[in-house]
Amino acid sequence: MGTFFTVLCVIFLAGAIYRAISGAWTGQKSYLLDGSEVKIPKSTAQPAEPSEPSQPAASTQPAQPPRPAKPVDVIFDILAKLGCQPERKVIDDKEAIIASYQGANFDFRFNGNWVTVYQPYWTWAHKDDPNLPLLREAINQANYLEGPTVVWTPPFSDGRIHLHSVFQFYLNSDFADNEAMLIGILCLFFDKIEYLRQIMHNLFGQQAQSN
């Protein structure tokens, strides 16, 4: 009995010493069998702080607002969307676009935000045509109406006088309805030609009555 008790005490004492040593690293208190606290200094090592995810450095450069598209690019994109097969040109050292819309040819010239649209060579008359004075009067009347202006060229070597229409407008590249605006402007060219034909028809009727 005495031997067993002695062995048991040795085992408990060894366990107590082990717990005391372990407590020095874990920061826990350790006691002997008689209840007395083992005075072992705690470890000065501190558990590692969980690292926070790194944040990207704040940019010191102020955000730059996007630059508005150039008017020539705006018109080109709209015409391409409408299936007009636009072509970029350089005319008189300036950017230009040539395109076809509803079977008619149009030239677009650019000067800053100002866009000049031409419908060139849409009809012609011979310089010796007896109805040329009526055509001149019809053009003058048609140009009183807002929209494109009808102009004509001096006679070519073959005697032909060609008619053109021209219209100028200001393009704001940030405007949300530029496509609808451009379609409306192009339709004005067709309206002006139809209006000119009506005037010519009326003038012919007046001439017939006077004869």
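Guide: A nonpolar core is a set of buried Ala, Val, Leu, Ile, Met, Phe, Trp, Tyr and Cys residues joined through side-chain atoms within 4.5 Å, where buried means under 20% relative accessible area, exposed over 50% and partly exposed in between (1.4 Å probe, protein chains only). This is a predicted model, in which local features need pLDDT of at least 70 and side-chain atom pairs count only at pLDDT 80 or more, while totals for chains, interfaces and linings use all residues. Residues are numbered from 1 along each chain as its sequence is written, and side-chain values use heavy atoms, leaving out hydrogens and water.

The largest nonpolar core has 23 residues, and Ile 75, Phe 108 and Phe 169 touch the most other members. At least two residues each come from α2 (71-81), β2 (94-101), β3 (104-111), β4, β6 (160-170) and α4 (178-210); helices (H or I, at least four residues) and strands (E, at least two) are DSSP runs, numbered from the N terminus. The top contributor is α2, with six residues. Leaving aside neighbours within four places in sequence, Ile 75 is in contact (heavy atoms within 4.5 Å) with Ile 97, Phe 108, Phe 110, Phe 169, Leu 171 and Leu 182. There is also a second, separate core of 14 residues, including Ile 139 and Leu 196.

Now look at strand β4 (residues 114-126), where you will find Thr 116. Thr 116 counts as buried because its relative accessibility is 13%. Beyond four places in sequence, the residues it touches include Phe 108 and Phe 167.
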